[in-house]
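Student: Please take one part of this model and go through it closely. Give the cut-offs as you use them.

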Amino acid sequence: MTTCRRRISKWWPQSLREATLSIPQWFPKTAIFNSPREAAMACPYLQQPSFLLASLKADSINKPFAQRCQDLVKVIEDFPAKELHTIFPWLVESIFGSLDGVLIGWNLRCLQGRVSPVEYSIAMEFLDPGGPMMKLVYKLQAEDYKFEFPVSYLPGPVKASIQERVLPDSPLYHNKVQFPPTGGLGLNLALNPFEYYMFFFALSLITQKPLSGALHVRTSDCAYFILVDRYLSWFLPTEGNVLPPLSSSPGGTSPSPAPRTPAMPFASYGLHHTSLLKRHISHQTSVNADPASHEIWRSETLLQVFVEMWLHHYSLEMYQKMQSPHAKESFTPTEEHVLVVRLLLKHLHAFSNSLKPEQVSPSAHSHATSPLEEFKRAAIPRFVQQKLYLFLQHCFGHWPLDASFRAVLEMWLSYLQPWRYAPEKQAQSSDGQARCVSERWAPFVQENLLMYTKLFVGFLSRALRTDLVSPKNALMVFRVAKVFAQPNLAEMIQKGEQLFLEPELVIPHRQHRFFTAPTFTGSFLSSWPPAVTDTSFKVKSHVYSLEGQDCKYTPMFGPEVRTLVLRLAQLITQAKQTAKSISDQCGESAAGRPFLSWLGFYSSDTNSSYSANDLDEMGQDSVRKTDEYLEKALEYLGQTFRLNEAQLAQLTLALGTTQDENGKKQLPDCIVGEDGLILTPLGRYQIINGLRRFEIEYQGDSELQPIRSYEIPSLVRVLFRLSSAINHRFADQMAALCSRADFLGSFCRYHLMEPVLASRHLLSPVGQGRSAGCVRGPRLSLRFLGSYRTLLSLLLAFFVASLFRIGPVPCALLLVLGYFLYAMAMALLTERGKLHQL
């Protein structure tokens, strides 16, 4: 200890020295000390950690980031655990931010190597699993320090359970709940340093809100995402064993790991507790060291913390309450949150599949099996399955109907395909077909049956409400159809459904079995050993544990789901035709635009309706991709559900997706009522998703139309006032001129009357065919002079005239003369056309 004190005296942060030297002025001269060690010995109530913490807090404000990290490394190396445990909570909070989200800490979710390479490399080195921060954790772990964590910041179901004085089922919380003292404000958990660090690290993904300037940060490039990957690779290794904790001092002993509390042998994973009664929080079991678990206690803690903080935001009871349309959503995951969970699932598949072939089968279990091998086998069904299922159910039901759902979709598909992360890769067939799913994965498919079937039905309900003309939505349908069309996968799912739906016969070896819904562990009540060989019983227990005993199961290959698939196939076919129609219309409008449209002054058709998809923005290439995605999706759905082309063609015709003679889209699906056309539910869906539309045309006063983007607002308003004044002043004279039967009358009627009004009809379904009854008198309109196109045309005309050495005045006279001749010809043709109509 003397050596350590001497080292501390040699290295003492400058700010800490200044704080120590300022002490003598507070005391009499007899209390003056020559070293911090003498000050600490003489004044036990002024302990050094308080000075150390004050110094570090001051440095966090005054020193740059790199210097602060260097000082922290020295403090961790030189100070003993007795003095470091006081700064540990502050240091963790300063790195990951406060639990209430007020302090952002190091902002790891926005820290990227390509943006801030120096800060990024320093932070990653400091927080690395083998870095200084973990050395501090292990140094404190060896001294068995505990740190309080408020229960109020835990996920909703856990917080509610503890506040109701009911002990959660997860071993992570056992023997850790502390009752508040008299007059205390709330419950706390007593966590060891490793747990405390991981709680803050995992919750920073939830509590820390991204900054306004970090909206376009790529999640996979940020420091937080990469740290999660490093921690998973370190504590859940796919090769070899978990590395032991690093020694905190040269030649020192490694800290002894804390056992799981309460100790639970891995062989019991999947078993339910022997009592149906909820355990009261006061009946926490005492710590029982399990020597066999010392090897992997950190791995188990890490996985439990990640799953609890990231997935355990919904319980079965909460999910059932959320089915009400009036229920208030308690927690809304973000796209970044989902991407991190997907990273966890992918690594867990690789971790679980790293078992050697002789260790996979249950018959290979023996007393010689290491705890790590047992943990690999039990990690997903024990810790992940139920919480992930409820998390996905919530996302499928409450996520917005937009392209951001792709993150949830890929997370789900990653979980459904553990064979993608197996060390042995199946060779692709020589003809380029998809790889066949091996029978080795049949137990996984059967024990996760609801993940495949019920969530597929949930995806169908979403797909039927989205705009499949959008390339992003078409891609999502294609991805799901492709995954479920993998050879042999549909047969495995069908076999699992048959096992679940087979009747429960009362025979001697089954008559005492019964199922029950678990609490948070996802296991079932049974006195049977964990190695259950009855496959039907496994599938039934899986379904009942996730959905409850009274669940109503809808078979994926039953008639109800098949009807939904056929309906989706109809919409896919219709979306393909709609995309082609939009592409044709875009091509026609692009070909018909004049040269001035290149400069942005082209006046688009004001009566054209708005298309509700992104094809117009992405061009012909997106139309081609959309068509490819939908074509392949239709093919894969046909393979999975055995749909033939005759069925699809017949349903397509029944839906009325054929085009009319002009190649334009038909009206939305309607029925004829007493007052005209009435939209059907299908028609409403078509309008909402932009698949069909009513042809809407502006039929009001052309002078009162909203100002267009190709017009100058101030000039249009001035011209309108000028026109109104002229019309009001000379109304009688203009009426007299237009009533003449000679050429002058024809010329005035061509300019002052609106001939289109006579042939317009109202397009409303109510009173269709009734003529527009508003007849307006002759008037002058100068609004065309407020258009960018008109003004640019005049400027171009004067510019071209100047090239031929024609001045502005002669050019203006030529333009007036040319227009005069054009107007005379149009007046004669218009009058002759009216005579023919009579």
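Tutor: E148 stands opposite A190 in strand β3, where strands are DSSP runs of E with at least two residues and helices are runs of H or I with at least four, both numbered from the N terminus. The model is predicted, so local features need pLDDT of at least 70 and side-chain atom pairs pLDDT 80 or more, while totals for chains, interfaces and linings use all residues. Residues are numbered from 1 along each chain as its sequence is written, and side-chain values use heavy atoms, without hydrogens and water.

Strand β1 (residues 147-150) pairs with β3 in the antiparallel sense over 4 bridges; pairing requires at least two DSSP bridges between the strands. Strand β2 (residues 177-178) also runs antiparallel to β3, joined to it by 2 bridges, and V177 has L189 as its bridge partner there. Strand β3 spans residues 188-191 and is covered on both faces. On one side N188 and A190 are buried, and on the other L189 and L191 are buried. Buried means under 20% relative accessible area, exposed over 50% and partly exposed in between, with a 1.4 Å probe and protein chains only.

The aromatic pairs come next. F194 and F235 form an edge-to-face pair, 5.5 Å centre to centre with 70° between the planes. Rings of Phe, Tyr and Trp (its six-membered ring) pair if their centres lie within 6.5 Å; planes under 30 degrees apart are stacked, over 60 edge-to-face, and the rest tilted. F194 lies in helix α11 (residues 193-207) and F235 in helix α12 (residues 223-235), so the pair ties together parts 41 residues apart in sequence. Both F194 and F235 are buried.
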